[in-house]
Amino acid sequence: MPDYMVLLYTPEKDEDERQTDRWADMPLWLELTESLRKAGLLVAHGPLHPVTAATTVRVRDGETELTDGPFAATKEVLAGYYVLRCADLDEALHHAARMPTARHGSVEVRPIMDMSEIPASGRA
Amino acid sequence: MTVTGRNGRGPWSADSAATAAVRVFHNERAAVLATLIRYVGDFQLAEDAVQDAFEAALATWRHDGVPENPGAWITVAARRRAIDRLRRDRSISERAERLAALLRLDQQEHPSMSEESEIGDDRLRLIFTCCHPALDIPARVALTLRTVGGLTTGEIARAFLVTEPTMGKRIVRAKRKIVDARIPYRVPAAEELPGRVRGVLRVVYLIFNEGYSASEGDRLVRGELCDEAIRLGRLVCELIPDEPEAWGLLSLMSLHDARRAARVDELGGYVTLADQDRSLWDEGRIGEGTHALGRAVRLGRPGPYQLQAAIAVAHMQAAGDDPRNWARIAELYGALGRLAPSPVVELNHATAIGFAYGADAGLERLGPLLNDPALERYQPLHATHAELLRRAGDVTGAVRAYERAIALSGNAVERAELDRRLESLTTARTQTGMSRELSKPAGVPRRSSGAAG
């Protein structure tokens with residue numbers, strides 16, 4: 001079963017507004033997370049601190065460059081994630097649509113590469 | 001596409017080999033491919049194996065004669081090519097299991113007999129996967145034409161006016177996403193089926209409209225797109241016969257396509273429905289369209305495609321200008337507007353009301369559309385407005401509306417037609433050349449969402 005990274009993007013708002021939204025949706029999140037856990041799909045999950053806490057790392061010509069903030073400044077910011085182990089994309093999309101974020105932000109679903117499928121020469 | 005030998009006048013046996021291969025290609029390729037994909041789990045490998053099998057068929061059949069059951073020959077040959085390719089290609093996931101399953105199948109005496117019922121399901125799996133909503137629309141269209149329809153990448157590229165490498169990349173990217181994201185190869189579950197079926201029909205209709213709109217590009221290639229869309233429509237009807245909208249769409253496409261030859265004159269000018277030479281209409285297509293609509297109606301669940309097909313029938317039956325027929329058309333547009341509201345449907349509804357109950361009634365209905373800023377630059381709205389004003393006797397208003405429509409027209413053929421109407425209004429002022437913009441499929445004006453969207 002492949003793992004899918006479910007990335008939760010929300011419109012950028014000030015922190016107070018964000019907290020209010022978060023508390024309002026909390027029962028939904030708890031119920032959702034519990035049902036994913038019971039179904040045996042939940043690998044990992046977590047809310048993220050706001051983008052003001054983000055640091056972006058790039059190494060260019062051997063020099064490490066640190067940038068304060070997220071990788072790209074956009075209207076929507078990465079607010080949290082789930083890693084779900086699903087049979088196929090349809091199952092992952094089904095659960096992604098259950099995320100409260102899907103209603104006011106966006107949810108991106110990305111398959112995680114299965115390391116065992118990378119040819120032996122590419123592995124340590 | 002015609003069933004002819006590729007090498008023209010070759011020796012008899014060579015010609016019949018090519019003829020048989022082309023026939024099997026059209027009739028059975030999708031089914032062979034669909035089943036093979038289920039076994040190997042990889043679109044590209046399965047397609048390559050099927051391609052190999054057809055190439056081998058040409059060579060072998062020319063030499064040994066055409067086998068009794070060419071379809072079965074291709075099935076076995078494609079499977080063996082797939083086994084060879086699986087043995088070589090180590091990147092395929094679950095390679096050992098897939099290889100074992102194919103070898104088991106190959107050892108059965110009549111493998112195709114034992115899984116007859118699965119073949120229909122495989123073709124459905126293939127269609128639903130190609131039209132999966134996780135792929136973007138151009139990718140769905142291209143992949144469906146390539147994989148289900150068997151068109152070459154070059155043919156699809158020419159039809160969509162992009163370069164072959166661009167189209168090739170689009171198709172490769174789609175296939176890669178199917179593998180990497182694990183888009184499942186299956187018929188969707190009952191609860192998602194209606195939405196997914198609508199999605200498939202939408203792809204088929206997009207292919208048809210791309211061919212039908214003929215605003216630019218090679219007309220011949222575009223005609224093939226219409227043919228291909230109708231073939232796909234028939235296939236969907238065969239596989240999901242209890243879906244009335246599938247029959248509705250097949251009917252709609254057939255009825256429009258029946259008039260393909262009559263729509264454009266020798267100089268490329270647009271011929272309105274009323275002026276079309278009915279002897280150019282394709283009786284076979286009209287028969288298929290009428291029959292398909294009958295099938296749909298008997299299922300008792302109306303939908304946007306069925307209503308549009310019924311409207312097309314009403315337009316084609318009425319020669320002349322019978323208000324009773326326009327009242328029927330107005331009623332159908334009313335029903336369509338309730339199921340699938342759109343400005344295009346609303347506009348056509350207003351026109352039909354105008355022709356059925358008098359221009360003033362139509363103009364009243366048109367009022368809200370004329371005040372909608374989103375439609376300000378929508379050419380057909382102004383052309384219709386002009387026509388209704390002309391009928392209401394407001395020549396000055398009609399001239400102004402025609403000028404507005406002409407200014408907004410981006411298509412030479414269309415502009416010439418509007419010029420002609422304006423001219424006939426300002427000079428002769430006779431009641432000639434009734435136009436019926438309505439007879440176009442609702443999806444044609446690309447800026448607006450078509451009725452069946």
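For my own reference, pLDDT is the predictor's confidence in each residue, from 0 to 100. Helices (H or I, at least four residues) and strands (E, at least two) are DSSP runs, numbered from the N terminus.

**Ground rules**

This is a predicted model, where local features need pLDDT of at least 70, side-chain atom pairs count only at pLDDT 80 or more, and totals for chains, interfaces and linings use all residues. Residues are numbered from 1 along each chain as its sequence is written, while chains are lettered from A and ligands numbered from 1 in the order in which they are written. I noted that chain A averages a pLDDT of 83, with 89% of the residues scoring at least 70.

**The sheet in chain A**

I traced an open sheet of four strands in chain A, with the order 2-5-1-6 and antiparallel pairing. Strands pair here if DSSP finds at least two bridges between them. At the edges I found strand 2 (42-47) and strand 6 (106-111) of chain A, each pairing on one side only. On average, neighbouring strands of this sheet are turned by 20 degrees against each other, direction ignored.

Next I checked strand 6 of chain A against strand 1 (residues 3-11) of chain A: they pair in the antiparallel sense over six bridges. A:Y9 has A:S106 in strand 6 of chain A as its bridge partner. Helix 2 of chain A packs on the sheet and touches strand 1, strand 5 (76-85) and strand 6 of chain A. Its direction makes about 155 degrees with that of strand 6 of chain A. Axes are lines fitted to C-alpha atoms, for helices over the stretch in contact, and angles run from 0 to 180 degrees between N-to-C directions.

**Where A meets B**

How many residues does the contact take from chain A and from chain B? I got eight residues from chain A and eight residues from chain B; a contact means C-beta atoms, placed from the backbone, within 7 Å. Helix 2 (residues 89-96) of chain A gives the most to the side of chain A that touches chain B, with three residues. By class, that side of chain A has five nonpolar, no polar and three charged residues. Ala, Val, Leu, Ile, Met, Phe, Trp, Tyr, Cys and Pro count as nonpolar, Asp, Glu, Lys and Arg as charged, and the others, Gly among them, as polar.

**Helix pairs in chain B**

I took helix 17 (residues 359-370) and helix 18 (residues 379-391) of chain B, whose axes come within 9 Å and cross at roughly 150 degrees. That makes helix 17 of chain B roughly antiparallel to helix 18 of chain B.

Helix 16 of chain B brings B:L347, B:T351 and B:G354 to the contact.

Last, I looked at helix 7 (residues 137-148) and helix 9 (residues 164-180) of chain B, which pack at an angle of about 95 degrees with their axes 9 Å apart. Helix 7 of chain B and helix 9 of chain B are therefore roughly perpendicular to each other.

Key
Contact = placed C-beta atoms within 7 Å. Parallel < 35°, antiparallel > 145°, perpendicular 65-115°, else oblique.
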